[in-house]
Amino acid sequence: MADTLTVTDNRNGKTYEIPIRDGAISAIELRKIKTSEDDFGLMSYDPAYLNTASCRSSVTYIDGDKGILRYRGYPIEQLAEKATFLECAQLLLEGELPSKSRHDQFVHEVMHHTFVHENVKRFMEGFRYDANPMSMFISAVAALSSFYPEANEVEDPAVRHRQIVRLIAKVPTLAAYSYRHSQGLPYVYPSNELSYTGNFLAMVFKMSEMKYVPNPTLERAFDVLFILHADHEQNCSTSTMRQIGSSRVDPYSALAGAAAALYGPLHGGANAEVLYMLEKIGKKENVPDFIKKVKSKDAMLMGFGHRVYRNYDPRAKIIKKLAHEVFQVTGTNPLLEIAMELERIALEEEYFISRKLYPNVDFYSGLIYQAMRFPVDFFPVLFAIGRTVGWLAQWQEMLQDKEQKIARPRQIYTGPDKRDYVAMGGRG
Ligand code: SDX
């Protein structure tokens, strides 16, 4: 049997044969379907891309029905158990797990680009004392573009590599500075002899001690969290990275845009919203009332539901387990009890079952961040550190993909037909 789709246009009885490749038809094939020579041709209409593949990608695989997530073929569960974040970064960026020597070289490169120019620090110091850390982070990433004018040579692989290393190295520094600023604490310079995650924790938590020694459980927990957040194929922020990058702008500008997309409460900002929700619910006994509100659409269960997963998000399972390990060190977060009760009731309720709504990556992560004493509005910044790697891997893939061009969707115009200008005095 041929891998084609036969379409009959009932407007004129014409028949078209459209090739099917990898379970998809090419939307541009529809353009051939016309009623006359001057007809533009048929388009597909897909607001919010519910059923449109925007690219071919070999980075991340998700099976939403089965709850499967793999980076370059490796199950997320194995990576979370055995790999480090920088190993996963190389896997996502280069396609393969690195050899020891290649990995040592990459770690050296990253850890020797962690400092930012003093003017970046001064720029950040200029924010109001109560500035939201995610706003500071987004602005500081965008500002980096002015420090590296060569970065707009995006077609040059060597220049590209340098910016990728710089971004992975510097986002923890910018993130930590935004945290210290919001706490009114002095900024802490990077310590390159620590691990990637250890250095981040040092820049965040170091006080007067000569040498900051990260707690190994928390250091590993953060590494795992960064791994789990590193990529998730064509989500809102990654599609934004690709879309902005398609104009061939430098990666700092594109990444600032991606981070801005992540900030929204329906995306990476949901981890903070979960905490606000749990705090508002207040105690376990109030959960049934809250669920009633969700069912009547007077509230939304933040951290639940997903465009792709129609099953338990595999990352949420790992984070839930990780939370218990972190709480051994930090003490339990009292909100955990409410979260678990919400999950228990939601998973039994027809409203959630019929809509296939399960906990997503954001449901439990905030409980860990809060137990580690991070302020809630810093949570999206923590998401952005891990996701930087995915944004860069997808950006690089987009630039190397010969099928890609500047992203430019079509529209169905619904406005008025041509009409003549009316002087102000003549308007009704
Ligand atoms: C992330 O895409 C990614 O990969 C994202 C991400 C990544 O790693 O990059 O995984 C990270 O963004 C996780 C999602 C974080 N957001 C939230 O937790 C916010 C709460 N979730 C929802 O807003 C929602 O589920 C979305 C935005 C995540 C997905 O939205 P969809 O696919 O557009 O689904 P929908 O809004 O059309 O919902 C379908 C139905 C609706 O009910 P009906 O109109 O059919 O009656 O399910 C209901 C929705 O009202 N619904 C919810 C709900 N999520 C969906 N009802 C209550 N609470 C919810 N959380």
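# Chatting through strands, helices and a pocket

User: Which residue in β2 does L5 stand opposite?
Analyst: L5 stands opposite I18 in β2. Keep in mind that this is a predicted model.

User: OK, and how do β1 and β2 pair?
Analyst: They pair in the antiparallel sense, over 6 bridges. β1 covers residues 4-9 and β2 covers residues 14-21.

User: What about D9, which residue is across from that one?
Analyst: That's K14, which sits opposite D9 in β2.

User: How many residues are between the strands in that hairpin?
Analyst: There are 4 residues between β1 and β2 in the hairpin, and G13 takes a positive phi near 80°.

User: Where do side chains point in a strand, anyway?
Analyst: In a regular strand they alternate between the two faces of the sheet.

User: Let's move on to β4. What order do the strands of its sheet have?
Analyst: The order is β4-β5-β6, in an open sheet of 3 strands with antiparallel pairing. β4 (60-63) and β6 (74-75) are the edge strands, each pairing on one side only.

User: How many bridges do β4 and β5 have?
Analyst: They pair over 4 bridges, in the antiparallel sense, with β5 made of residues 68-71. For instance, T60 has Y71 in β5 as its bridge partner, and I62 has L69 in β5.

User: And which residue in the turn between β4 and β5 has a positive phi?
Analyst: G67, at about 70°. This hairpin has 4 residues between its strands.

User: Switching to helices: at what angle do α6 and α17 cross?
Analyst: Roughly 165°, and their axes come within 10 Å. α6 spans residues 157-183, while α17 spans residues 379-400.

User: So are they roughly parallel or antiparallel?
Analyst: Roughly antiparallel, because angles over 145 degrees count that way. The crossing of α6 past α17 is right-handed.

User: What kinds of residues are in the lining?
Analyst: For the second largest pocket, the lining divides into 7 nonpolar, 1 polar and 5 charged residues.

User: How does anyone spot empty space like that?
Analyst: Rolling a probe the size of a water molecule over the atoms shows where empty space is left.

Key
Residues numbered from 1 in each chain as written. Heavy atoms only, no water. Nonpolar A, V, L, I, M, F, W, Y, C, P; charged D, E, K, R; others polar. Pairing = 2+ DSSP bridges. Helix = DSSP H or I, 4+ residues; strand = E, 2+ residues; numbered from the N terminus. Axes fitted to C-alpha atoms, helices over the stretch in contact; angles between N-to-C directions. Parallel < 35°, antiparallel > 145°, perpendicular 65-115°, else oblique. Left-handed = near helix turned anticlockwise from the far one by under 90°.
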